[in-house]
Amino acid sequence: MKLNFIAILIFVMVSQSVFSISDWGPTGHRATGEIAERNLTRRAKRKIEKLLQGEGLAFVSTYADEIKSDRNYREFFPWHYVNMPLDGNYETTEKNPKGDLVTGINHCIKVLKDENTSDKDKRFYLKMLVHLIGDLHQPLHIGRKEDKGGNTIQVQWHGRGSNLHRVWDGDMLNEWDMSYMELANNAKDLTKEEKKAIQKGNVLDWVKETHNLAKEVYGSVKSGDKLRYRYSYKYFPVVREQLQKGGLRLAKVLNEIFG
Ligand code: ADE
Ligand code: ZN
Ligand code: ZN
């Protein structure tokens with residue numbers, strides 16, 4: 001009996017440290033949602049507000065993580081990431097038959113563009129889309145299959161056990177301790193032209209760009225590294241830039257659907 005309990009305890013501890021439970025973490029997703037909301041056209045903003053019945057893009061951005069532990073929504077789990085070799089690309093990599101980040105995003109866009117979709121379904125797929133475009137900008141959501149996007153690369157974060165995926169999902173953001181509003185308010189001031197340049201391209205172009213960043217991130221640590229301030233001095237600005245890119249590109253996609 002006691003042995004069973006210990007076995008379960010060990011299993012829970014190991015599984016929590018191996019698999020990240022919540023992507024960018026609520027603060028990162030909300031910052032992306034907030035930045036997107038500020039870049040919507042008036043028409044898109046009006047339509048989205050009506051659909052979401054008072055909830056903002058920041059608020060709904062975490063929905064896809066909230067349903068992750070619900071068995072009824074199990075089919076959506078593979079949508080949160082896409083794995084590929086560091087020297088590969090999406091087109092030539094063997095696909096997960098259950099879907100991935102790219103098929104998930106494309107499905108959301110298709111359903112939202114279909115005028116026969118009910119408002120209830122539109123609401124669901126809009127919430128998913130807001131989240132998934134955020135995930136698309138977390139470099140380790142486009143990581144290697146063999147280490148589950150850095151989840152099995154154990155490192156220490158300020159003296160505590162963590163893993164590379166978790167450092168990028170939440171550890172750096174949590175350490176900085178800024179609210180999503182502070183992150184959005186302090187995002188880099190960009191000219192119209194700079195925003196346009198970021199919004200250029202399509203989902204696959206953005207996958208390629210984030211995948212390139214993933215290569216750098218994999219090279220930034222080795223298993224067992226003790227990461228502290230020096231790591232976030234270097235990479236927290238990258239996290240902030242990714243959240244801003246995610247927000248601007250989400251706005252572009254939503255403006256195209258609802259504009
Ligand atoms: N989260 C869970 N499994 C993952 C994987 N294989 N790649 C990235 N993120 C994940
Ligand atoms: Zn994650
Ligand atoms: Zn996610």
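Two strands count as paired if DSSP finds at least two bridges between them. Helices (H or I, at least four residues) and strands (E, at least two) are DSSP runs, numbered from the N terminus. The model is predicted: local features need pLDDT of at least 70, side-chain atom pairs count only at pLDDT 80 or more, and totals for chains, interfaces and linings use all residues. Residues are numbered from 1 along each chain as its sequence is written, and side-chain values use heavy atoms, with hydrogens and water left out.

**Sheet**

- Strands E2, E1 and E3 make up an open sheet in the order E2-E1-E3, with mixed pairing.
- E2 and strand E3 (226–227) are the edge strands, each pairing on one side only.
- Strand E1 (residues 154–157) and strand E2 (residues 160–163) run antiparallel and are joined by four bridges.
- Within that pairing, Asn 163 in E2 is the bridge partner of Gln 154.
- E1 and E3 run parallel, with two bridges between them.
- On that side, Lys 226 in E3 stands opposite Gln 156.
- In general, strands of a sheet pair through backbone hydrogen bonds, either parallel or antiparallel.
- H8 lies across E1, E2 and E3 and runs at about 125° to E2; axes here are lines fitted to C-alpha atoms, for helices over the stretch in contact, and angles run from 0 to 180 degrees between N-to-C directions.

**The E1–E2 hairpin and His 158**

- The hairpin of E1 and E2 has two residues between the strands, and His 158 takes a positive phi near 45° there.
- His 158 is found in the loop between E1 and E2, and it has this positive phi although it is not a glycine.
- Most residues other than glycine have a negative phi.
- His 158 counts as partly exposed because its relative accessibility is 23%; buried means under 20% relative accessible area, exposed over 50%, and partly exposed in between (1.4 Å probe, protein chains only).
- Leaving aside neighbours within four places in sequence, His 158 is in contact with Glu 175, Leu 227, Arg 228 and Tyr 229, where contact means heavy atoms within 4.5 Å.
- His 158 and Leu 227 are 69 residues apart in sequence, while their C-alpha atoms are 6.2 Å apart in space.

- Trp 176 is found in helix H8 (residues 164–176) and, at 35% relative accessibility, counts as partly exposed.
- Together with Tyr 229 and Tyr 233, Trp 176 forms a nonpolar surface patch with about 370 Å² of accessible area.
- Patches are made of residues with over 30% relative accessible area and no salt bridge; like charges are joined within 9 Å, and nonpolar side chains (Val, Leu, Ile, Met, Phe, Trp, Tyr) within 5 Å.
- Accessible areas come from the Shrake-Rupley method with a 1.4 Å probe, and for residues only the protein chains shown count as cover.
- Asp 177 lies in the loop between H8 and helix H9 (180–185).
- Phi of Asp 177 is near 60°, a positive value in a residue other than glycine.
- Asp 177 is exposed, with a relative accessible area of 64%.

**Salt bridges**

- A salt bridge is a side-chain nitrogen of Lys or Arg within 4 Å of a carboxyl oxygen of Asp or Glu, and by this rule the count comes to eleven.
- One of them links Lys 68 to Asp 23, with the closest N and O atoms 3.2 Å apart.
- Lys 68 lies in the loop between helix H5 (63–66) and helix H6 (101–113) and Asp 23 in the loop between helix H1 (2–18) and helix H2 (25–37), so this pair ties together parts that are 45 residues apart in sequence.
- Lys 68 counts as buried at 17% relative accessibility, and Asp 23 is buried with a relative accessible area of 3%.
- Lys 45 forms a salt bridge with Glu 37, the closest N and O atoms being 3.2 Å apart.
- Lys 45 is partly exposed at a relative accessible area of 29%, whereas Glu 37 is buried at 17%.
- Lys 45 also forms a salt bridge with Glu 49, where the closest N and O atoms are 3.4 Å apart.
- Glu 49 and Lys 45 both lie in helix H3 (residues 42–52), four residues apart, which is about one turn of the helix.
- Glu 49 is partly exposed, with a relative accessible area of 43%.
- Elsewhere, Glu 209, Glu 241, Lys 245 and Arg 249 are joined into one network by salt bridges that share partners.

Notes
Chains are lettered from A and ligands numbered from 1 in the order in which they are written.
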